[in-house]
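Work through the exercises below with the structure open beside you, and try each task before reading its solution.

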Amino acid sequence: MSIRIEHVSKSYSAYPALDDVSLSIGDGEFVALLGPSGSGKTTLLRILAGLEVPEQGIVCFGDRDVTNDKPASRGIGFVFQHYALFGHMTVAQNIAFGLNVMARRIRPSRRAISDRVEELLELVQLPGLGSRYPSQLSGGQRQRVALARALARNPRILLLDEPFGALDAKVRRELREALRVIHNELGLTSIFVTHDHEEAFTLADRVALLNQGKIEQFDTPRQVESAPATDFVRAFLD
Amino acid sequence: MPAAGLRELPIIKALLIAGAIGYVALILLLPLGAVLTEAFKQGSSAWMAAISTPDALSSIKLTLIVAAISVVLNTIFGIAAAWAIAKFDFRGKAALVALIELPFSVSPVVSGLVFVLMFGAQGWFGPWLEAHDIHIIFALPGLVLATLFVTFPFVARQLIPLMTSQGRTDEEAALTLGASGWQTFWHVTLPNIRFALLYGVLLCNARAMGEFGAVSVVSGHIRGETNTMPLQVEALYNDYDFVGAFAVASLLTLLALVTLGLKTALEWRHRDQLAAPH
């Protein structure tokens, strides 16, 4: 699903976190929000998720204005840096959470939910681990569970906040590839936040570079590398 | 093997251990033993008779009612306060945290007295209450108010540090997964805090049942009506009815032991969660 962000601003007490940001993302695109800490990239992602509300501007998913919609009704999946798995639930219960909290008249049957959980565990390459608890899994496995959980309700948009930030290099590479495959397979529109430009360039179709709440450049990795739009971009890539 | 400087002579080690055990025995075990010995001095049938007099039974019932109301209200308030303080930023948060702790530093007698000043016959609202035939002081509502005040911080204080360290991410995850606010609280927040909550409730209950100073001021000491167990113990003791006094006291002691047992069992069974919330 396409995403349109128009003139979005947001400030925390005194300093602006986002300053008149506009961005248009096509259906099926894989976009990285790249920038140093404090650049506003996470704030932008959280606004897309509905976890923050912009002071100005609008956010549209397709033709729908979702600016004031709650996270629950946006049709998104969100993956947190530190997984945010529910420690008192098994892997299967974590993945089923989004389905179990649905209103009774639209909730799938118990059977359908457990089939869906199995399907998702296959998708993230963790078949058979449904009865484990998150504390019994490695970091990479936990993030895969978090991904499966975020996908349970079939979101059209997947938002990821530094999804590989807490993982070591090898696991990071494997998970990156898995994520790209899942993105393509499900036809998602995905946006992930990172401060690592190598990661952004290898994974994303287009990269939005943020600095001090503004977008410095939004382009394909090749274009950003060959023609940096500003001094900041040039310095950041070095 | 500890470093040479840390090694104790066996004799010093033995003395230290003996000293610690002796101190605990003298200060904690001896009085506890004394209560039980005195209570059963004339046999268990005398004990049974002493705790089943109408006044004793009435004090037990009153204590249970007061504790039940106070624990439920302070649990609801404690969760709400801890939730607000841990999960949201607002002006005056530090002041609220300090206020919650206030009852710990106020003498219980003063805690009782403030309610007499407000609702007593000569108090601010006294004439109005009298005109409308509402009894607060020297009645159940006063006992509940005084107990509420004294046990106010127990649950909140237990939860605030834990919930602050847990942050908001789990709740945000639940919201993005489509849960409502209530579902998030019930399925995510509550399980995350359940052991600390249980712990706070236990401590709150022990204090609510054992409170003497504050309830003493507002009770009026009407036997069979406004005497809770601790007040009944004092009344019987002043009557030189030692078996009666110690019999009721032994019930309170039993409560303390049960609380301690539950608390220890809880700590032992869930030591992982209590030590590291994640």
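**Exercise 1: a covered helix**

The buried residues of helix 1 of chain A are A:Lys41, A:Thr43, A:Leu44, A:Leu45, A:Arg46, A:Ile47, A:Leu48 and A:Ala49. The model is a predicted one, and this list is the starting point for the task.

Task: State how many residues of helix 1 of chain A are buried, and describe what A:Gly50 does just after this helix.

Solution: Begin with the extent of the helix, which runs over residues 41-49 of chain A; 8 of its 9 residues are buried, so that the helix is mostly covered. Then step past its end to A:Gly50, which takes a positive phi of about 90 degrees.

**Exercise 2: the interface of the two chains**

Task: Describe the interface of chain A and chain B by its residues in contact, its buried area and its salt bridge.

Solution: First take the contacts, in which 18 residues of chain A meet 16 residues of chain B. Next take the area buried between the two chains, about 1500 Å², of which 66% comes from carbon and sulfur atoms. Then turn to charge: 1 salt bridge is found across the interface, and in a salt bridge the side chain of A:Arg46 meets that of B:Glu172 at 2.6 Å, N to O. On the side of chain A that touches chain B, the elements giving two or more residues are strand 6 (76-79), helix 2 (91-100) and helix 4 (139-151). Finally, polar contacts between chain A and chain B come to 4 residue pairs, both residues being at pLDDT 80 or more.

**Exercise 3: a pair of rings**

Task: Explain why the rings of B:Phe115 and B:Phe149 are classed as they are, and say whether each residue is buried or partly exposed.

Solution: Over all chains there are 16 aromatic pairs. In this one the ring centres of B:Phe115 and B:Phe149 are 6.0 Å apart and the planes stand at 85 degrees, so the pair is edge-to-face, because planes over 60 degrees apart are counted that way. The pair links distant parts of the chain, with B:Phe115 in helix 5 (residues 108-119) and B:Phe149 in helix 7 (residues 140-151) of chain B, 34 residues apart. For accessibility, B:Phe115 has a relative accessible area of 8% and is buried, whereas B:Phe149, at 24%, counts as partly exposed.

**Exercise 4: a buried threonine**

Task: Place B:Thr189 in chain B and name the partner of its side chain in a polar contact.

Solution: B:Thr189 lies in helix 10 (residues 181-210) of chain B and, at 1% relative accessibility, counts as buried. Its side chain makes a polar contact with the side chain of B:Glu171 at 2.6 Å. Leaving aside residues up to four places away in sequence, B:Thr189 touches B:Trp83, B:Met163, B:Glu171 and B:Thr184.

How values were computed. Residues numbered from 1 in each chain as written. Chains lettered and ligands numbered in written order. Predicted model: local features only at pLDDT ≥ 70, side-chain atom pairs only at ≥ 80, totals over all residues. Heavy atoms only, no water. Phe/Tyr/Trp six-rings, centres within 6.5 Å; stacked < 30°, edge-to-face > 60°. Helix = DSSP H or I, 4+ residues; strand = E, 2+ residues; numbered from the N terminus. Buried < 20%, exposed > 50% of the residue type's maximum accessible area, 1.4 Å probe, protein only. Polar contact = N/O pair within 3.5 Å; in protein donor to acceptor, adjacent residues only side chain to side chain. Contact = heavy atoms within 4.5 Å. Buried area = accessible area lost by both parts, 1.4 Å probe. Salt bridge = Lys/Arg side-chain N within 4 Å of Asp/Glu carboxyl O.
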